[in-house]
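Morning, everyone. Please look at the structure on the screen, and I'll walk you through it.

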Amino acid sequence: MLNKDLNTRDKTLDNLVAAADQFKPQGTVIDIHEYGNGNINDTFLATLDSKVEKHFILQRLNTQVFRQPELVMLNMRTFTEHVRQRLQSAPLSPGRRWEVVRVMLAQDGQDHWIDPNGSFWRAISFIDGAQSFDTIKDIEHAREVGYALGMFQNLLSDLPTERLADTLEGFHITPRYLLHYDEVLAKKRTSKSPEVAYGLQFVSERRDWAHVLENARAKGRLRLRPIHGDPKVNNVMIDTGTGQAISIVDLDTVKPGLVHYDIGDCLRSGCNLLGEDIEQWEMVRFDPELCQAILQGYLSLAKDFLTENDYDYLYDAIRLIAFELGLRFFTDYLEGNVYFKANHQEHNLARALIQFKLTESIESQETTIRVIIQDMR
Ligand code: GN1
Ligand code: MG
C-alpha cells in the first residue's frame, strides 16, 4: 500500500517535471510544489538552478470550466501585449512601478502544452520581490488594492472589447446563475438542514433584485469594457519593499464585462477581514472603512473613465457580487461540488454562508456605503 502511494506520488511529480521542462527558459528544474489556493486551476511554483530566471508559475487549466483554453491564452497574450505597449508610451507617475506577467512559450513555440493525458499546461513568468495576502492588512494595503484595480482597468480602457474573446460565457451574469440554481434545485430533493433552509430563503428574497446590473446594461446605462473578472485581494501583488501594489495576476477571466463586476468582487473580498474560508461564518462583516480606502485608491485612477451612471450602480455592485458568489457556492454544494474545488462535502455550503452573511452586512450598512460613494463623486 505504501509502495503504491509512493509510486503514484512519484508519477505525479514526474508529470509535473515533464510539464515544467516544456517551458523552462534556462537551467534545470530543481523544485516544484503547489502554490497559492485557487479554487479552479492547479498552480505550481517551479524553481530552476538558473541565475537569470529562478522561478516561474506552472498551471494546469481546469478545462471543465475553461472549455476553450486556447482562447484564454489568446486573451492573455492580447492583454499583456497591449499593456506592455501602453506602459512604454505613457509612463506611470514617479516612484511607481507596474509589472505585467509574460506568457512563456513551450519548446514547440506554442503558448501551452497538452500532456499525454490531455491536460492543458501553461507557464507564466514569476514576479520577483512581491507577495500577495488573502486578507487586507491595513488601510494602506486597502488603498493599494483599490489603486491596483484602477490601474488595471485604466491600462485596458483603450483596448476594444472585440479584441477579447468571451472565454467563460455567463461569468458574473447573475440571472444566468439563478437559472442554473433553479435547474439544480428542480433535479434535487434537498435535505433541509437549517443552513440549507437559510440559503434557500436568502436567495428567494433577493432574486428579483439580482437582475439589477444586467437590466441596466440592457437599457444602455452601463456598457461592456475589458475587465479582470477576479480582482480579489490575493491576486494583487504588493512590492515587499515599498508596500505598493505593482500588479494584478490571475488573468484567466480578462474578458469583456461590466467594471462593476470587478469593483464588487474587489470590495467583497477586501472588506471581509475574516476571509472567504473560515468556520465562524456568523461573525463575517463588511468593513466600511476598508471600503472607503479601497474606493479612494480605485477612484484616484478610475474617476477618469467612470460615468455618472457607473457611480449610480456602485452600491448595487458591491451587494450583488457578494450575493452572486454566495449563490454560486450554494448551487455548487447542491449540485455535488462540480465547479469549485472542495476539501470536504460541506465546504461550498460553508463558503456560501460566508458570502450570504457578508451580503447581509452590506445591506445593513446601505446608507453608510452610499454616503461613502456619494462623497467621492
Ligand atoms: C474562483 O480559482 P480562483 O480562486 O482564482 C472563481 C472566482 C471566485 C473565486 C472565489 C473562473 O477563482 O470567480 O470569485 O474563486 N473563478 C472562476 O474565491 O470561476
Ligand atoms: Mg481566478
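Let's start at the interface of domain 1 and domain 2, where the rule finds five salt bridges. A salt bridge here is a side-chain nitrogen of Lys or Arg within 4 Å of a carboxyl oxygen of Asp or Glu. Elsewhere on the slide, note that aspartate 252 and arginine 122 form a salt bridge through their side chains, at 2.8 Å from N to O.

Now some ground rules. This is a predicted model, with local features needing pLDDT of at least 70 and side-chain atom pairs counting only at pLDDT 80 or more, while totals for chains, interfaces and linings use all residues. Residues are numbered from 1 along each chain as its sequence is written, chains are lettered from A and ligands numbered from 1 in written order, and side-chain values use heavy atoms, without hydrogens or water.

Where are the domains? Domain 1 covers 13-123 and domain 2 covers 139-375; these bounds come from an automatic or database domain assignment. Their C-alpha centres lie 25 Å apart.

How much area do they bury between them? About 2,900 Å², with 57% of it on carbon and sulfur atoms. Buried area is the accessible area (1.4 Å probe) that two parts lose on being put together, summed over both. On the domain 1 side, Asn39, Arg96 and Trp98 supply 26% of the area buried against domain 2, more than any other three residues.

Next, contacts, meaning heavy atoms within 4.5 Å. Here 28 residues of domain 1 touch 36 residues of domain 2.

Finally, ligand 1. It is surrounded by 17 residues, each with a heavy atom within 4 Å of it. The closest are Asn39, Lys232, Glu276, Arg328 and Tyr339. Tyrosine 339 has a polar side-chain atom 2.5 Å from an oxygen atom of ligand 1. For aspartate 230, that distance to a ligand 1 oxygen atom is 2.9 Å, again from a polar side-chain atom.

Technical notes. Polar contact = N/O pair within 3.5 Å; in protein donor to acceptor, adjacent residues only side chain to side chain.
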